[in-house]
Amino acid sequence: MRHFRMLRALVGGAGLAACIVLLAGQARAEAESNVTPPILVTAQSPMTPSLFGTIALPVRAERYAAGWRRAGLDASFLPSMQQLVAPAWGLSREDQMAYVQAAVTRNIHWMSDATEWGRHDYWASAAETLEHGAGDMENRAIVKMQALRTLGVPSRDLYMTIGRDKVGGPITVLLVRMGRRFYVLDDLGGAPIPAERRFGFEPMLTLGSNAAWIHGHPYAKAAWAGGSSTSVPKAGAPR
């Protein structure tokens, strides 16, 4: 079985690192020893969002717990949601994704949380955003997620990823899994993009229906005291 060593996690933005409790047992072991063991990922399921040249490690993301609970509130019964998705019934999954991406971009106008909610960062429920007709990138991603759930996409196949676009800066996108392939519905308004073709995006944290992951780059070749070296494909240069 292949083992991966994480050289670093892609954490950017104040407080993100502090909000994640990463392998507490390992931290205790480090305190008791001068040897720093690697973080090893021994299995990757098709549902693990190891995308964009990264490896995804499961974590607890308590900072986002309240917002993610609101994001998960069912909106399928709302007349506004039913109206939003009505033209997409009967379409293929690919066409439903494209429709939802365009419809949310068209109907939910961009507005900052500070202007709309008087808060620095507020993840509104889909019901709240539909009522206001406006939201920022996280809130529009949440509406897309709930719209696809209304159309029958399982919750386990929907993920929200916080990251950074190399050109546009911080961005939050919706990931949709279809079989073993992931598609990106970003906040730029274009058509859904297969993840392997979405260049210039560096994910930091992904939230799923029952789990959260932090993203890091695999180390190309490593040896550590007390263990043998492990070689894995190099997906990103150390920085």
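These are my notebook entries on a predicted model of a single chain.

**Entry 1. Overall count.**
I started with the secondary structure and counted seven helices and 14 strands in the chain. The chain has 239 residues, and buried ones make up 46% of them. I then looked up the contacts between residues at least 6 apart in sequence, and 63% of these join residues at least 24 apart.

**Entry 2. Helix H7.**
I went to H7, residues 137–150, and compared its length with expectation. The helix has 14 residues and reaches 20 Å from first to last C-alpha, close to the 20 Å expected at 1.5 Å a residue. Next I asked how many residues of H7 are buried. The count is 13 of the 14, so H7 is largely enclosed by the rest of the structure. Just after H7 I noted Gly152, which takes a positive phi of about 105 degrees.

**Entry 3. Nonpolar cores.**
The largest nonpolar core holds 41 residues, and the members that touch the most others are Met81, Leu84, Trp123, Leu148 and Leu207. Which element gives this core its largest share? H7 does, with six residues. Another core, of 13 residues, lies apart from the largest one, and its members include Ile171, Phe182, Ala195 and Trp213.

**Entry 4. Helix H4.**
The buried residues of H4 are Gln96, Met97, Tyr99, Val100, Gln101, Ala103 and Val104. What do they pack against? I found helix H3 (79–85), H7, E8 and E9.

E7 (residues 158–165) and E8 (residues 169–178) run antiparallel, joined by eight bridges. They form a hairpin with three residues between them. As one example of a bridge, Thr161 has Val173 in E8 as its partner. On its other pairing, E8 meets E9 (residues 181–185) in the antiparallel sense over five bridges. Here I picked out Arg177, whose bridge partner in E9 is Phe182. The hairpin of E8 and E9 has two residues between the strands, and Gly179 takes a positive phi near 65 degrees there. I also checked the cover on E8: eight of its ten residues are buried, which leaves the strand mostly covered.

**Entry 5. Aromatic pairs.**
I searched the whole structure and found five aromatic pairs. Trp117 and Tyr122 form a tilted one, with 5.0 Å centre to centre and 55 degrees between the planes. Are these two residues buried or exposed? Trp117 is partly exposed, because its relative accessible area is 23% and the limit for buried is under 20%. Tyr122 counts as buried, at 7% relative accessibility. I also recorded one aromatic cluster made of Tyr159, Phe182 and Trp213.

**Entry 6. His215.**
I looked up His215 in strand E12, residues 212–218. His215 is buried, at 1% relative accessibility. Which side chain does the side chain of His215 make a polar contact with? The partner is the side chain of Thr54, at 2.9 Å.

**Entry 7. Gly133.**
Last, I turned to Gly133, found in the loop between helix H6 (126–132) and strand E6 (134–135). Gly133 has a relative accessible area of 18%; buried means under 20%, so Gly133 falls on the buried side of the cut-off. Leaving aside its neighbours within four places in sequence, I found Gly133 in contact with Asn107, Ile108 and His109. Gly133 and Ile108 are 25 residues apart along the chain, while their C-alpha atoms are separated by 4.9 Å.

Methods
Residues numbered from 1 in each chain as written. Predicted model: local features only at pLDDT ≥ 70, side-chain atom pairs only at ≥ 80, totals over all residues. Heavy atoms only, no water. Helix = DSSP H or I, 4+ residues; strand = E, 2+ residues; numbered from the N terminus. Buried < 20%, exposed > 50% of the residue type's maximum accessible area, 1.4 Å probe, protein only. Contact = heavy atoms within 4.5 Å. Polar contact = N/O pair within 3.5 Å; in protein donor to acceptor, adjacent residues only side chain to side chain. Expected span 1.5 Å × (residues − 1). Core = buried A, V, L, I, M, F, W, Y, C linked by side-chain atoms within 4.5 Å. Pairing = 2+ DSSP bridges. Phe/Tyr/Trp six-rings, centres within 6.5 Å; stacked < 30°, edge-to-face > 60°.
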